[in-house]
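Please find below a colleague's note on the model under review. The points are numbered so that each may be checked separately.

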Amino acid sequence: MTNTLDPSNKAGWKLENSYAKLPETLYTRLNPRPVSSPQLVVLNKALAEALGINPEALESEEGIEVLAGNRIPEGAEPIAQAYAGHQFGHFTMLGDGRAVLLGEQITPEGKRMDLQLKGSGQTPYSRQGDGRAALGPMLREYIISEAMHGLGIATSRSLAVVSTGEPVLREQRLTGAILSRVASSHIRVGTFQYVAKWDTVDHLKKLADYTWDRHFSNRDPGDNRYLSLLREAVKGQAELISKWQLVGFIHGVMNTDNIAISGETIDYGPCAFMDTYHPSTVFSSIDYYGRYAYGNQPSIGGWDLSRFAETLLPLLHQEEKKAIEMAQEVLSEYTVLFRKHWLDGFRNKLGIFDEDAQDVKLVEDLLQLMEKNKMDFSNTFRTLTLGKEEEELFGVPEFEKWHRSWKERLESPKQSKEAIKALMRKSNPSVIPRNHRVEEALVAAVNEQDLSVMEELLEVLRNPYAYTQEQEKFAQGPSSSSKPYQTYCGT
Ligand code: AMP
Ligand code: MG
């Protein structure tokens with residue numbers, strides 16, 4: 001019987017757990033650990049509706065109990081997923097140490113979406129951790145993941161944050177919280193690494209088949225579906241990471257456990273958006289060597305995909321040598337695809353409709369100019385989009401020269417001014433979640449229980465390409481006196 005037939009299921013839960021049908025070595029069954037007095041802090045009503053869940057029911061006491069992990073909705077089969085991963089290049093066992101997957105909500109459109117509670121208590125994979133999360137970081141994930149969605153970038157999303165009524169101890173006592181996170185799945189490169197390293201080839205095959213069916217069943221598997229699985233992952237990351245580059249998003253912790261095979265952005269820990277353009281920009285306090293700097297993201301994506309390819313070797317071909325050759329060929333497509341998306345994306349940002357061999361130079365010249373003159377990444381494109389460069393950028397050394405070549409480029413083939421503007425508007429966000437704005441919203445929410453600042457920010461970020469009047473003040477970069485921004489992992 002489906003939940004929708006259950007008259008008491010006012011919330012609209014339609015949960016299953018297909019992952020829990022995989023071999024038991026891949027996860028541990030366990031319930032979230034109940035918390036003492038959960039309170040709803042923020043609810044994503046639009047997302048709830050898209051999932052077929054009634055937002056009012058989620059706001060009720062019963063709904064909040066579900067979002068806090070105190071009550072298990074019908075159809076859920078809570079599990080913590082096992083996975084491994086390369087953290088800053090070092091391989092280790094990980095797993096959901098503070099998250100529980102309740103199951104998959106089947107949406108009214110028939111999509112299967114993971115519903116995971118993050119901060120839901122200890123699991124067998126917690127190692128030394130307390131299994132909990134603090135309110136600030138969970139709200140931060142909520143804001144940035146929703147901003148990414150608004151920007152049109154594939155991402156896990158945030159359904160709600162509840163505070164637990166229990167403190168968490170970090171350097172200081174903080175308010176505990178649980179984020180409910182929605183994603184196409186939480187299958188990571190690290191999930192495959194875990195199985196490849198410690199489980200059987202039979203289980204690896206089951207995981208690969210499951211992943212194919214779950215994410216790529218509408219694609220052509222060709223005569224080797226495992227090779228096709230690799231190819232789809234390559235395509236997904238090439239597209240995803242190019243989009244990060246185009247908006248100045250720095251993930252901050254592209255460990256293989258944080259790379260989803262679905263091609264969605266997952267794991268919002270130390271991520272942040274770049275203000276001033278510089279390829280070596282890093283925000284994470286623990287990324288000492290800049291492994292995950294803005295300019296390194298594309299090549300790290302390739303590195304992570306190579307780790308994925310290694311796990312698939314036994315499924316690709318009986319002979320390892322042949323399997324390696326096959327994997328390498330598909331992996332080599334990554335750079336080509338990435339460059340294509342990257343260049344197409346920058347062409348769009350500059351209002352260019354067709355392709356010319358000189359376009360790479362045009363883009364790179366602009367980036368170099370931005371780097372040299374410490375220009376704001378998003379606002380440079382915003383200024384060009386608004387046609388305000390004469391007022392705002394003409395004083396910048398060498399800018400006018402670049403500007404002339406750009407204008408010349410736009411002459412051939414000639415496009416209408418309107419068409420160029422329209423393309424630029426939909427390719428250059430007028431607002432991004434600026435670090436100083438995100439911090440301001442978090443301080444108000446966490447220290448003053450004032451959620452209005454965050455709500456206003458979320459509203460603006462919902463339509464980042466709208467170029468409305470209200471967005472203007474959110475477009476400004478930080479004041480020059482601001483300290484360098486730093487983000488923290490495992491928060
Ligand atoms: P992350 O840096 O978020 O990718 O997390 C790396 C690993 O640490 C994952 O296995 C997490 O589940 C685990 N982890 C992070 N924070 C905690 C915590 N407070 N308690 C238990 N495990 C944690
Ligand atoms: Mg992680």
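1. A definition is needed for the first feature: a charged patch is made of residues with over 30% relative accessible area and no salt bridge, with like charges joined within 9 Å. Please note also that this is a predicted model.

2. The main contributor is helix α14, which spans residues 417-427 and supplies 3 residues to the positive patch. R425 is placed in helix α14. With a relative accessibility of 36%, R425 is classed as partly exposed, because the partly exposed class lies between the buried limit of under 20% and the exposed limit of over 50%.

3. A patch of negative charge is also present on the surface, where E390, E391, E392 and E400 gather. Here helix α12, residues 389-392, gives the most, again with 3 residues. E392 is located in helix α12. The relative accessibility of E392 is 44%, so this residue counts as partly exposed.

4. The backbone geometry between S412 and P413 deserves attention. The peptide bond joining S412 to P413 is cis, and its omega is near -5°. P413 sits in the loop between α13 (399-411) and α14.

5. Two residues other than glycine have a positive phi. For Q449, phi is near 50°; for Y467, which is not a glycine either, the value is about 55°. Q449 belongs to the loop between α15 (435-448) and α16 (452-462), whereas Y467 is found in the loop between α16 and α17 (472-475).

6. Y467, at 12%, is buried, because buried means under 20% relative accessible area.

Notes: Residues numbered from 1 in each chain as written. Chains lettered and ligands numbered in written order. Predicted model: local features only at pLDDT ≥ 70, side-chain atom pairs only at ≥ 80, totals over all residues. Heavy atoms only, no water. Helix = DSSP H or I, 4+ residues; strand = E, 2+ residues; numbered from the N terminus. Buried < 20%, exposed > 50% of the residue type's maximum accessible area, 1.4 Å probe, protein only. Patch = residues over 30% accessible without salt bridge, like charges linked within 9 Å, V, L, I, M, F, W, Y side chains within 5 Å. Areas by Shrake-Rupley, 256 points an atom, 1.4 Å probe, with all protein chains shown as cover. Salt bridge = Lys/Arg side-chain N within 4 Å of Asp/Glu carboxyl O. Lys, Arg positive; Asp, Glu negative; His and termini not counted. Charge placed at Lys NZ, Arg CZ, Asp CG, Glu CD.
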